[in-house]
Amino acid sequence: MRRFPSSKHFSRRTAMGLIGAGLAAPYVRPSYAQGAWPEQTSIPDILKGSGELRIATFGGTMQETQVKAYFEPFEKISGIKVRYFPGTSAPKVKAMVETGNVEWDVAQLSRGSIMNLQKQGEYFEKIDYSLIDDGVGKEFRFEYGIEMLVWAQVLAYRTDAFKGAVPKGWADFWDTAKFPGDRALLGTTGGGWPELEFALMAAGVPADKIYPIDIDKAFASYDKIKKSVVKWWDTGAIPIQLLTDREVSMTSVWNGRMAALQAAGVPADISWGQGLSKRDAWGIPKGAKNAANAMKFVAYSTMAIPQARVAWGIPYGSVNIKSNEFIPEARQAVLPSAPAIKSQLVNYDYDWWIENREAVIGRFNKWLLG
Amino acid sequence: MSEAVEIPSGTLTVTRPIGVQFSWRKAIPWLLTGPLLLFMLAFYAVPVVAMLLRSVNDPTWTLAHFHALASDTVFFKVFSNTLYTAFTVTIGALLFGYPLALALVRTPRWAPVILIMILLPFWTSVLVRSYAWMVLMGRHGLINEALLALGTIERPFRILNTPLATQIAMIHILLPYMVLPIANALRQIDPSLPRASSGLGATPWGTFRQITLPLSMSGVAAGMLLVFVLALGFYITPAMLGGPREITLSMLIDLQVDQLNWAYAATLSAVLLATTLAIIGVFYRLPGVSNAFRMGAR
């Protein structure tokens, strides 16, 4: 990860990739291997080109999947050479744009971090939606980026911890009498955004009444679970390790990581109900040298088949409604974008968080240390 | 222009150039260190100064960020926690490190083994070591399982995810920085001194207390300085092994960078840097400390 623990920046998902390399190594790769992946055999001429394209990713198994799902196929079919780098982050985009040394043409971020940075000035190019496939839903489109990956932050538990009882939602998570054992939740270090939504649902707020978040109420609810939380995690590998080592009986996790855990035979499962549906997005940094190629790639990677290919490799969902016909039904049962699961999830409101993140994090740290 | 130096015996006269002429002899140290100095200036000093300037010059010249810091209770809690951890780790490393350094110097047969024991972990990635600690210290880890099997405890106790776990791991990681300067100081003690001491009738303990220990204090001070300063900047180890409320200053800086509050991040960095420099300054005034950083044998 770093030569010495004092200096290098330790961002949430750079670490996820690098730690993942260590943690996931002994595990069976969670890809869905039955049958051949669907192939995109032709693309509109307008998406073809020449030269190169530099993409920043979160690394790890996610990047491995992306290489197979759309980096290599795009290079072959478009004639544009794709180079990719782990370690994407909004602060780095800010530094690159401010110093005029833009090393990435596309960066994988979230709508939240893109819009948060955009609030400070012009840091991203506008997306040319004339190139984008019709199958990409309106909810995934925004001016300075386009969402390209659907994932979920959900409740996960040890199936051997509660004598067969199955926790359903955050009220059960908060109920340490009925479901004994320690807990872990996402903290603020490493760029995490606290899970106020979960705290509200634990206090009985219905899923459709969460936003705008009643911050006082959320922290009052947090008070009740604070003693049982042994770790406020900051990278995706940590909750997986805590579950594996029986340090906690329940935790919040990123759903994609659970597949590796289950493939390794750990008795743990996801409880999808009341999970948060989140998305990653492509952003094109302002002044990117290959911005035109970047636009072509963004358009290609959100087409139905490239999106479906991702879901074949890693249990994350598609933003293209037409992808489902290229994903086997058995596979859809573990995708946050599948209708049966999507209906149980709460759509994460990035707009609320862009406005309130700073205040919430300040308050969270004060609350945690107080 | 030259000057004749009269040697008192009057038999030898040496001439030596004076004035502002170029002197190769004087230039050599600069030529040797010049490339590194330029490198440090370009890739270290300039970026650090540019970063620190943000704390007083963002968006305009202002001390507002330092004012904000003064009333930031989170900062004070995190800062005192960071100092406290660094302090306990320094004391822990000293207690374990001094006997080890003594063994390293006094038992030449075992020295290679001891050195390997210290340095092997030193060459292992901090991340790998943190995972190893998790295996050891977990609720169902080796330590708990062993104690349960022996009947020492009835139920597993929590070590992992507590400040104690952070301290144990940090002591382990930083031990070489304590042992090596102390061993160096011990090695520089003139062996005739302890011999004279015991020859004059001192007990081994008396010799240690009155000769060895005082003469090795420069190494102790140097080791403590290194360990303390390095401990101030820890991030991964407390993040992975520490308790739920463990936020270090480095984590807080990282958080501010991520939140795009770069001016505030720079302010926090300035405080960390100033603290570090102050500590180094104080330690350097202790007798013998600067000697301890000198290389080489007696």
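1. A:Arg111 has its place in helix α4 of chain A, which covers residues 111-118. The model is a predicted one, and what follows should be read with that in mind. With a relative accessible area of 11%, A:Arg111 lies below the 20% cut-off and therefore counts as buried. Leaving aside residues up to four places away in sequence, A:Arg111 touches A:Glu139, A:Phe140, A:Arg141, A:Phe142, A:Glu147, A:Ala281, A:Tyr350 and A:Ile354.

2. Turning to the interface, chain B brings 41 residues to the contact and chain A brings 43 residues. The area buried between chain B and chain A is about 3,900 Å², and carbon and sulfur atoms give 60% of that area.

3. Between chain B and chain A there are four salt bridges; one of them joins A:Arg357 to B:Asp258, with the closest N and O atoms 2.8 Å apart. Across the interface of chain B and chain A, 13 residue pairs are found in polar contact, with both residues at pLDDT 80 or more.

4. On the side of chain B that touches chain A, at least two residues each come from α3 (73-106), α5 (126-137), α7 (163-187), α10 (236-241) and α11 (249-258) of chain B. Of the elements on this side, α11(B) gives the most, with six residues. Sorted by class, the side of chain B that touches chain A has 25 nonpolar, nine polar and seven charged residues.

5. After α11(B) comes B:Leu260, whose phi is positive, near 65°.

6. A word on confidence in chain B is in order. The mean pLDDT of chain B is 88, and 89% of its residues reach 70 or more. Among the elements of chain B, α3(B) has the highest mean pLDDT (96), whereas strand β1 of chain B, residues 2-6, has the lowest (46). Over residues 1-7 of chain B, pLDDT stays under 50, and the model has 13 contacts beyond four places in sequence for this stretch.

How values were computed
Residues numbered from 1 in each chain as written. Chains lettered and ligands numbered in written order. Predicted model: local features only at pLDDT ≥ 70, side-chain atom pairs only at ≥ 80, totals over all residues. Heavy atoms only, no water. Contact = heavy atoms within 4.5 Å. Buried area = accessible area lost by both parts, 1.4 Å probe. Salt bridge = Lys/Arg side-chain N within 4 Å of Asp/Glu carboxyl O. Polar contact = N/O pair within 3.5 Å; in protein donor to acceptor, adjacent residues only side chain to side chain. Helix = DSSP H or I, 4+ residues; strand = E, 2+ residues; numbered from the N terminus. Nonpolar A, V, L, I, M, F, W, Y, C, P; charged D, E, K, R; others polar. Buried < 20%, exposed > 50% of the residue type's maximum accessible area, 1.4 Å probe, protein only. pLDDT = per-residue confidence, 0-100.
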